[in-house]
Amino acid sequence: MPVIRYSKAINDALREEMRRDERVILAGEDIGAPGGSFGVTRGLQQEFGEWRVIDTPISESAIIGMAVGAAATGLRPVVEIMFMDFLGVCFDQILNQAAKMGYMTAGAMRLPLVIRMQGGAGFSAGPQHSQSLEAMLMHIPGIKVVMPSNPYDAKGLLKSAIRDDNPVVFVEHKMLYGMKGEVPDEEYLVPIGKAAVLREGTDCTIVALGQMVHEAAKAAQRLEEDEGIRCEVIDLRSITPLDTETILASVRKTGRLVVVHEAVRTGGIGGEIAALVQEEAFWYLDAPIMRVAAPFTPVPFSKPLERAYLPNADAICRAVRQIMPGAAGSRP
Amino acid sequence: MDLDRAQLMRLYRTMRLIRRFEETVSGLFAEGHIPGFLHLYIGQEAVAAGICTQLDREDTITSTHRGHGHCIAKGADVRRMMAELFGKSTGCCRGKGGSMHVADVSLGILGANGIVGAGIPIAVGAALTAKIRGTGKIAVAFFGEGAAGTGYFHEGLNLAAVLKLPVVFVCESNQYAEFTPRSRHLPVETVASRASAYGFPGMTADGNDVLAVYYAFREAAARARGGEGPVLLECFTRRWSGHYEGDPQRYRPAGEVEEWRKDDPVASFAVRLRERHGIAAEEIEAVDSDVEREIAEAVRFAKESPLPDPSELLEHVYV
């Protein structure tokens, strides 16, 4: 099976969907002639022309608004926000327009648009270029939100997002663009709203998303090899809709849950998942639900600070150990 | 003057329908039939009528929180609009949106909007579709002079100019931005002058004169349809109502609205039709009666329609 980069998987998804459906158009800053600030849209304007791959001025609000208007009138735009941090600049069009038009018109208006963005820390990009803000998006009824952690899911989820008739926010990760993975040549889709169980286990469930999926996988490997603790690792993939069934089924089996995200802990989606699980599966829990997440600070610039900021496999292992039987303070 | 009788009467009927709709809902609101906020278009009828009657179904408009006039002029079903204001399930949005969100996508009405300026880039998007598909259709973004201070205004006009899109930006300068008079929030004489900053033409028109609006828009639309890019058309009109129904309007100079009523765009057009276009008074009265009938039917429909069942709450979040 071919092995390609995460960024190429996205590029392929865009190209294939644009060949498949002439209504799919792209717009964003530097996406056309320059091929995107991270090279993700390279080659697309050459193939599809400047009226299907549109370079825009720096106008996030207008870009998303234009996507809303184009989607409402029959196109299927895929627009880009260069950094997730710039959500602040265009939030009204997502929050009050794209997310609500369908409901406010009782379904008469359809907005089959996709907003691509990338977030995440690890690049020393600094506080305004490193955030993970999916919790803000999870809070908005009317949009779907996905966050692929690997090339296979990136391609499959983006295709699903483009074919979905609802507005979908597609969150990429800047540190994953170079990640290589197996991606079939044949057409496939990854369904929105379905998590992936990456590793089966019986002792503890670890739910993770984005870059943290790989830290969770490392932690699970280490815990099994060193301590015989068998963790079940779930890659959320979708934030909205959330695959509650997969999470609950796992917790009913293991009785323990650790949620990992690199977004700030306070108000992060880990809290939502923890609340949900304790409502629906309280009597299956043998320990408190733990969250491994970033501290309540902006993302710092300097390398040692950023390293201390980001959750990692060590932190995940500590959290799991803290709730396993025999841990100090735990119930037997 | 090249408008025929039918076109002239259509302009008059449209304005009269808007005026009577707004006056009627004002009364119904005071009686408690209409919940929430109501922002009335009284005094501005010539702008919506002069413009929207020149648009066909596939041309699109985006509107504002003060959007009843645009929607009516674009052909929206007055019964369904009335029912929407009442929050009934027979409303054009099944009671999900209310006054600020009346819409009818099948008529190219991409919605009234509660966020000032937000309709501007949405219209730009509709114009993008028209250009890419080569349909020859245009988009019209309605907004007030208050929106000319928003980021949406600047970003939207700039983007439309760069992409040379078939969109007409219509600034309805009704003298107030919410509670603030024009002179306090606009550092320049006209919003139209701002078009030059984006490299396209800015026009002005007397928004109190439906024919002046008509001809100005015809020129602007021809330019946009012809592929020459956007136009900004500023129509000077007057907001007779408060910002919202119930607004005590302490910011208004005494006697201002009384003065304005003497120069009524609807009544003065009726006079013009009789005095200069050979339309008999009886014909005007017949139109007025017909409008009353249509409005009364809309009110009856709204009053007799059911409210939505709570089970509808969760519908339409996703398709």
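**Figure 1. Chain A as a whole.** Chain A is built from 11 helices and 14 strands. Do keep in mind as you look around that this is a predicted model. The C-alpha trace of chain A spans about 65 × 45 × 40 Å along its principal axes. A compact globule of 332 residues would have a radius of gyration near 20 Å, and chain A agrees with that at 20 Å. Of the 332 residues in chain A, 55% are buried. Among contacts in chain A with a separation of 6 or more, 78% are between residues 24 or more positions apart.

**Figure 2. The buried face of helix H11 in chain A.** Helix H11(A) runs over residues 313-323, and its buried residues are Ala313(A), Ile316(A), Cys317(A), Ala319(A), Val320(A) and Ile323(A). Looking down the axis of H11(A), you will find these buried residues within an arc of 160°, so they line one face of the helix.

**Figure 3. A cis peptide bond in chain A.** Here Thr240(A) and Pro241(A) are joined by a cis peptide bond, with omega about -5°. Pro241(A) sits in the loop between strand S12 (238-240) and helix H8 (244-254) of chain A.

**Figure 4. A β-α-β unit in chain B.** Strands S6 (residues 202-206) and S7 (residues 231-236) of chain B pair in the parallel sense, over 5 bridges. Between S6(B) and S7(B) the chain passes through helix H8 (residues 210-225) of chain B, making a right-handed β-α-β crossover. To find your bearings, look for Asp206(B), which stands opposite Phe236(B) in S7(B).

Figure 5. Val47(B) belongs to helix H2 (residues 45-52) of chain B. Is Val47(B) buried or exposed? Val47(B) has 32 other C-beta atoms within 10 Å, so it counts as buried. Leaving aside residues up to four places away in sequence, Val47(B) touches Glu172(B), Gly207(B), Val213(B), Cys235(B) and Thr237(B). Of these contacts, Cys235(B) is worth a look: Val47(B) and Cys235(B) are 188 residues apart along the chain, and their C-alpha atoms are separated by 7.0 Å.

**Figure 6. Two residues of chain B with positive phi.** Gln249(B), which is not a glycine, has a positive phi near 50°. You can find Gln249(B) in the loop between S7 and helix H9 (256-261) of chain B. Gln249(B) counts as partly exposed because it has 13 C-beta neighbours inside 10 Å. His316(B) also has a positive phi, of about 75°, without being a glycine. His316(B) lies in the segment after helix H11 (281-304) of chain B. With 19 other C-beta atoms within 10 Å, His316(B) is partly exposed, since a buried residue needs 20 or more.

**Figure 7. Where chains A and B touch.** The contact takes 35 residues from chain A and 32 residues from chain B. On the chain B side, helices H5 (119-133) and H6 (151-163) each supply at least two residues. H5(B) gives the largest share of that side, with 9 residues. Sorted by class, the side of chain B that touches chain A has 19 nonpolar, 10 polar and 3 charged residues.

Methods: Residues are numbered from 1 along each chain as its sequence is written. Chains are lettered from A and ligands numbered from 1 in the order in which they are written. This is a predicted model: local features need pLDDT of at least 70, side-chain atom pairs count only at pLDDT 80 or more; totals for chains, interfaces and linings use all residues. Two strands pair if DSSP finds at least two bridges between them. Helices (H or I, at least four residues) and strands (E, at least two) are DSSP runs, numbered from the N terminus. A crossover is right-handed if, with the strands pointing away from the viewer, the path from the first strand over the helix to the second runs clockwise. A residue is buried if 20 or more other C-beta atoms lie within 10 Å of its own, exposed if 12 or fewer, and partly exposed in between; C-beta atoms are placed from the backbone. The arc is that of the directions from the helix axis to the C-beta atoms. Two residues are in contact if their C-beta atoms, placed from the backbone, lie within 7 Å. Ala, Val, Leu, Ile, Met, Phe, Trp, Tyr, Cys and Pro count as nonpolar, Asp, Glu, Lys and Arg as charged, and the others, Gly among them, as polar. The radius of gyration is taken over C-alpha atoms; the globule rule is 2.2 Å times the number of residues to the power 0.38.
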